[in-house]
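Open the model in a viewer and keep the selection panel at hand. The tour makes a few stops, each beginning with a selection.

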Amino acid sequence: MTIAHNIETIRRDLPASVKLMAVSKQVSVAQMREAYAAGIRDFGESRIQEAQAKQQELSDLSDICWHLIGHLQGNKVRKAVQIFDWIHSVDSLKLLHQIDRVAGELSKSPRICLQVKILPDPDKYGWTIPELIADLTQINCCEFIKISGLMAIPPLGLTIEQTQELFDNARDLSHQISQQPGLQLQMTELSMGMSGDYRSAIAAGTTIIRLGSIIFGDRTEN
Ligand SMILES: *Cc1c(COP(=O)(O)O)cnc(C)c1O
């Protein structure tokens with residue numbers, strides 16, 4: 001199946017409120033151009049260097065919105081703030097404040113999602129729910145970035161029901177944070193849903209789905 005066909009099939013039952021991000025890690029720029037021609041404007045990358053090289057090759061497509069979805073190391077914050085419009089994978093208070101400071105220095109205001117582990121998951125970065133709640137006051141102190149919502153990735157091996165429950169819990173947590181008195185955190189976005197579970201994420205009210213293999217085919221590694 002072609003990339004355009006895959007995108008068309010996904011779009012067919014996508015609510016208008018859901019943004020479709022094409023995860024293009026390990027995907028060639030030729031394939032990205034196909035996705036662009038099929039209407040995709042949001043691309044997700046997990047590595048800074050790969051994203052930067054692709055941005056140069058695709059510089060004629062000036063309306064692409066670039067999303068960082070992989071773990072960000074402190075020493076790469078400046079580059080990330082320079083080249084990404086969104087950073088979905090902010091996983092600690094220290095990193096968040098570093099991004100905010102650099103954003104101020106560079107006069108940028110990237111949109112940010114806080115990566116939260118709804119269930120314990122030793123393989124992933126991110127705040128646990130109690131850690132996130134405890135950090136909210138300090139999260140609220142950011143001046144330059146736009147904290148837009150939560151990002152969640154289910155642990156491997158959940159049933160469909162467990163995945164649904166996890167996405168529902170992430171949505172409820174996001175509402176709870178938005179309504180927290182004394183904070184101005186408007187968590188309007190939910191970045192959740194990948195190729196294998198995006199329908200459950202849509203049922204839970206996600207606003208951004210991050211789809212890779214279902215658009216571009218299987219990758220060799222993650
Ligand atoms: C790779 C990746 C995706 C896309 O995964 P698929 O299963 O190929 O859709 C989505 N989100 C993150 C954070 C990823 O690293």
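The stops below go through a predicted model, one selection at a time.

**A strand residue**

Select residues 111-117, which form strand 5, and pick out Gln115 within that strand. Is Gln115 buried or exposed? Its relative accessible area is 7%, and because the cut-off for buried is under 20%, Gln115 counts as buried.

Now show the side chain of Gln115 together with the backbone of Tyr125: the side chain reaches the backbone oxygen of Tyr125 at 3.3 Å. Next, display the residues in contact with Gln115, leaving aside neighbours within four places in sequence. These are His88, Ser89, Val90 and Asp91, then Tyr125, Gly126 and Trp127, and finally Met151 and Ile153.

**A pair of helices**

Select residues 93-105 for helix 5 and residues 129-139 for helix 6. The two axes come within 11 Å and cross at roughly 20 degrees. Angles under 35 degrees count as roughly parallel, and therefore helix 5 and helix 6 are described as roughly parallel to each other. Their crossing is right-handed.

To see where they meet, show Leu93, Leu96 and His97 on helix 5, and Asp135, Gln138 and Ile139 on helix 6. Sorted by class, this contact has three nonpolar, two polar and one charged residues.

**A loop glycine**

Last, select Gly39, in the loop between helix 2 (29-37) and strand 2 (42-45). Gly39 has 34% relative accessibility and counts as partly exposed.

Note on methods
Residues numbered from 1 in each chain as written. Predicted model: local features only at pLDDT ≥ 70, side-chain atom pairs only at ≥ 80, totals over all residues. Heavy atoms only, no water. Helix = DSSP H or I, 4+ residues; strand = E, 2+ residues; numbered from the N terminus. Buried < 20%, exposed > 50% of the residue type's maximum accessible area, 1.4 Å probe, protein only. Polar contact = N/O pair within 3.5 Å; in protein donor to acceptor, adjacent residues only side chain to side chain. Contact = heavy atoms within 4.5 Å. Axes fitted to C-alpha atoms, helices over the stretch in contact; angles between N-to-C directions. Parallel < 35°, antiparallel > 145°, perpendicular 65-115°, else oblique. Left-handed = near helix turned anticlockwise from the far one by under 90°. Nonpolar A, V, L, I, M, F, W, Y, C, P; charged D, E, K, R; others polar.
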